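Try each task before you read its solution.

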Amino acid sequence: AVLVAVFVGPLLEELLFRGFLQSALGQAGGERTGLVLSSALFAAMHGIPGLPVLFSLSLFLGWLQQRTRCLLVPWSAHALHNAIQLTLALLTLRG
């Protein structure tokens with residue numbers, strides 16, 4: 001489950017949101033539009049409670065993609081984010 005949460009999930013999401021959606025929306029309406037719309041969809045897919053934080057995270061990941069033109073960079077950042085969140089959640093449960 002940890003491998004899926006930290007590595008596989010972020011890989012699939014980065015392929016979809018940065019690799020496909022951001023790219024396609026960017027070609028249709030410009031890079032900024034692609035970044036904002038794909039980030040809004042990313043945040044919405046994850047649910048309402050974390051919407052502002054996830055939107056901000058997605059903007060950052062999308063910016064990394066635009067800056068580097070390499071999915072490895074936002075995927076690595078996304079995996080790191082998930083690893084930190086999972087660690088914090090497990091530590092909180094342990095009390």
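**Exercise 1. Work out the order of the elements from the N terminus on.**

Solution. Start at the N terminus of this predicted model and follow the chain: the elements run α-α-α-α. Then take the count: the protein has 4 helices and 0 strands.

**Exercise 2. Compare the radius of gyration of the protein with that of a compact globule.**

Solution. Begin with the chain length, 95 residues. For the outline, take the principal axes: along them, the C-alpha atoms fill a box of roughly 50 × 25 × 20 Å.

**Exercise 3. Describe the surface and the contacts of the protein.**

Solution. First, the accessible surface comes to about 6000 Å², and 73% of it belongs to carbon and sulfur atoms. Next, burial: 28% of the 95 residues count as buried. Last, take the contacts with a separation of 6 or more; residues 24 or more positions apart account for 56% of them.

**Exercise 4. Is Q65 buried or exposed, and which residues does Q65 touch?**

Solution. Locate Q65 first: its place is in helix α3, residues 51-68. Its relative accessible area is 13%. Buried means under 20%, so Q65 is buried. Now set aside residues up to four places away in sequence; Q65 then touches R18, Q22, C70, L71 and P74.

How values were computed
Residues are numbered from 1 along each chain as its sequence is written. This is a predicted model: local features need pLDDT of at least 70, side-chain atom pairs count only at pLDDT 80 or more; totals for chains, interfaces and linings use all residues. Side-chain values use heavy atoms; hydrogens and water are left out. Helices (H or I, at least four residues) and strands (E, at least two) are DSSP runs, numbered from the N terminus. Buried means under 20% relative accessible area, exposed over 50%, partly exposed in between (1.4 Å probe, protein chains only). Contact means heavy atoms within 4.5 Å. The radius of gyration is taken over C-alpha atoms; the globule rule is 2.2 Å times the number of residues to the power 0.38. Accessible areas come from the Shrake-Rupley method with a 1.4 Å probe; for residues, only the protein chains shown count as cover.
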